[in-house]
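Biologist: I am new to this structure and would like to learn how to read it. Could you take me through it feature by feature?

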Amino acid sequence: MTQDVRLTVDTAALAHNVAVLREAAGPALVMAVVKANAYGHGAVECARAFADAGVDWLGVADLGEALELREAGVTTPVLAWLHAPGETFELAARHDVTPAVSDLAQLEAAAAAGVRAVHLCVDTGLSRNGAVESEWPALFDRAAQLRDVLPVEGLMSHLSNTSPEEDGLQLASFLRASAALGERGVEPPLRHLAASAAALHYAGSHGTMVRLGLAAYGLSPFPDRTSADLGLRPAMTMTAPVTSIKRVPAGEGVSYGYLFRPERDTTIAVVPVGYSDGIDRAASDRASVTIGRRTYRVRGRIAMNALVIDVGDDPVEVGDEVVLFGDPALGRQGAEDWARASGGITWDVVASLAARLPRSWT
Amino acid sequence: MTGWLRRATIDLAAYRANLVSLIERMAPVEVLAIVKADAYSLGADVIVPEALAAGIRWFGTVEPRPAYEMRRAGVGDDASFFAWQLGPDEDFDAAVRLRVDLGVSTLEQLEAFAAAARAAGPGHEALVHLTVDTGLHREGCLPADWPAFVARAVELRDEGTVRLRGAFSHVSETSEADDHAASLVFRKALDDAEALGATFEKRHMSSSSAGMEHPERRFDMVRMGSNGYGNPVTEGVTAADRGLRPVLTLSACVVRVKRVAAGTGVSYDYTWRAERDTTLALVPLGYADGVSRRAQERADVTIHGRRYPIVGRVAMDQFLVDVGDDPVAVGDEVLLFGPGDDGELTIGEWADAIDSIPEEVSCRIGARVPRVYRGRTATTGATTGATAGGSGAGASS
């Protein structure tokens, strides 16, 4: 059966990317971030592939994601940093998940639950998670008091990527936090601030660990650098078969809203992929796909379960494989091309892909 | 306090009431409930039994496979399941044996479906809906090919392998004139088919909007998706105008509040800076959960009945809300959209704010958001949140 839209993830590419990024990260340890279903690539299988590739840590947003990995038998250290109000960390303790804590309440709960260790999360400018500087003394004092029962294994923050200057200010803040902990006799071995972009281009930010998200999947975090420029290989390819072919006379409308009316007689092909699969409807009439070596434009409105492409007079047939995106080095559209078409970002294109889509890992 | 992060709450009582109301208003025309895309991501395994309880006897799934799966699970054994987006290697044998109605668009599909029925032997038949392309140019037989298509279907009916269950089409909803033109094409196709000896049990071309507004286009059945979920898609028409109630509420807990000084930049690229000292609330929903990045400074969320803007970039797992000097606390519930009872946006308003449509907003809610069902009547084996909610996230109080 080839009727399905399918996501194929090349785990050798994941390993290749980790190797390239490890080289860039120098002596720092590497964490592979597998939150949001491994950026749409499939959390459990990617976690295993990254573990096989030798990553030191796995990172997720919330404990639910961490527990999914543990239930699947993944034994690599896992860090989770986004917690529900009143989180008790009892399941984290039971399943050996390491929480990053942002405030006193989380620190106390983690200690009470008996988790193995914590990372402290500080806000150095992004204004999201993490303790702000005015909260550091109380949090750090308490962490120092608890360190015999609850080791502070790490200190973390996250960059805004606004500009080198702003990132520099964040690094300075991060170093102040590290020093403030040191004054209290707390020396967390894992100090991590850098994500993919900084891991590649901001060596000063590396600390002792870098967190690899987008780049680990082979996608570029920079608008002006391709995967190939960075030596990375996009791991995921999205395909679907042509399910119907139709010759359409010039001037006839196609799909909802008749956004597209061909100027000359043409052949259109229906591809069973739509916004319910996680494709952004905003890419309607803008994105392109490939069949073999030819590139075709998506025409008309992307529907819930289908989109339409204009194949001109080419001999496209029902059952032909359409590649929505994959490795541009192989002549395919990249996830970044879909991001441009929808006015979004590469991260969004992959992380939004529906969990129920069939995935295979090769 | 047991914490939770995020949830999609599905009001099944409202869903049933919407369907009962639609059934009454469409009578004697049949109402087919659209449950494609896992019932717009709300969970078809729960939605279908509730629709059955409301009196629905026809379901539409777009692709055949979900229909096969529901049949195999014994859901809605006395109801009909209809699918029309067939794969290149469609499993027609499954359709025959599982009594799934298929919309067929080509002679090849018709022959293959009939062949599967023939091979299955006496007592088996292909439940066929002939699909007419009235302008949408996706699936469907073009008018020029229609007579030969119908003639062959009639032969196969007479042979006993095909049952002519329906004739159907989709309209583009481009304009009233275009849809009217499509309805004329459909009517002519039906007349031509009748002249060739074909009669259909269910003739259907209208979905939610047309079904409500154009009685003359209802024929024997209307396909109701958005209306059933309480989200009329006609511009300027609210759910209340239609006597419907939105079924879906998307909400999350505030996981952090933070006082920031004037000038503070927030989230990636610091695209928003506080104009004055203010409080930010962190909400654990991001674009991986289906919250569009376009919601930044365009869609307001509601906390304690008050609306607040999303500021800074929506990230993969979280976004920030500017709550000014209001006393918002960790644990407070943040409503993104819902029925509007507490001042929150409806899904239609949310969709408008981000240049989308309610169907897209609903379908793209991610698997990390537990589905929490309220008002369930039907008894099935289904449970809340077919997802990795974990850590108490799948609260179902």
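This is a predicted model: local features need pLDDT of at least 70, side-chain atom pairs count only at pLDDT 80 or more; totals for chains, interfaces and linings use all residues.

Biologist: How many helices and strands does chain A have?

Modeller: Helices (H or I, at least four residues) and strands (E, at least two) are DSSP runs, numbered from the N terminus. Chain A has 11 helices and 17 strands. Along the principal axes, its C-alpha atoms fill a box of roughly 75 × 40 × 35 Å.

Biologist: What share of chain A counts as buried?

Modeller: A residue is buried if 20 or more other C-beta atoms lie within 10 Å of its own, exposed if 12 or fewer, and partly exposed in between, with C-beta atoms placed from the backbone. By that rule, 59% of the 362 residues of chain A are buried.

Biologist: Into which domains is chain A divided?

Modeller: Domain bounds come from an automatic or database domain assignment. Here chain A is split into domain 1 (11-217) and domain 2 (236-361). Their C-alpha centres lie 37 Å apart. Two residues are in contact if their C-beta atoms, placed from the backbone, lie within 7 Å. The contact between these domains involves 11 residues of domain 1 and 10 residues of domain 2 of chain A. On the domain 1 side, helix 2 (35-39) and helix 3 (43-52) of chain A each supply at least two residues. Helix 2 of chain A gives the largest share, three residues.

Biologist: Which strands pair with strand 2 of chain A?

Modeller: Strands of a sheet pair through backbone hydrogen bonds, either parallel or antiparallel. Two strands count as paired if DSSP finds at least two bridges between them. Strand 2 of chain A pairs in the parallel sense with strand 9 (residues 209-212) of chain A over four bridges, and A:Leu29 has A:Met209 as its bridge partner. Strand 2 of chain A also pairs in the parallel sense with strand 3 (residues 57-60) of chain A, over three bridges; there A:Val33 stands opposite A:Gly59.

Biologist: Why is strand 2 of chain A described as largely enclosed?

Modeller: Four of the five residues of strand 2 (residues 29-33) of chain A are buried, so the rest of the structure largely encloses this strand.

Biologist: What is the strand order of the nine-stranded sheet in chain B?

Modeller: The order is 11-14-17-16-15-18-10-1-19, in an open sheet with mixed pairing. Strand 11 and strand 19 (371-374) of chain B are the edge strands, each pairing on one side only. Strand 14 of chain B runs antiparallel to strand 17 (residues 319-324) of chain B, and five bridges join them. B:Leu280 stands opposite B:Asp322 in strand 17 of chain B.

Biologist: How many residues does each chain give to the contact between chains A and B?

Modeller: Chain A and chain B give 63 residues each. Elements giving two or more residues on the chain B side include helix 2 (36-40), strand 14 (278-283) and helix 11 (358-363) of chain B.

Methods. Residues are numbered from 1 along each chain as its sequence is written. Chains are lettered from A and ligands numbered from 1 in the order in which they are written.
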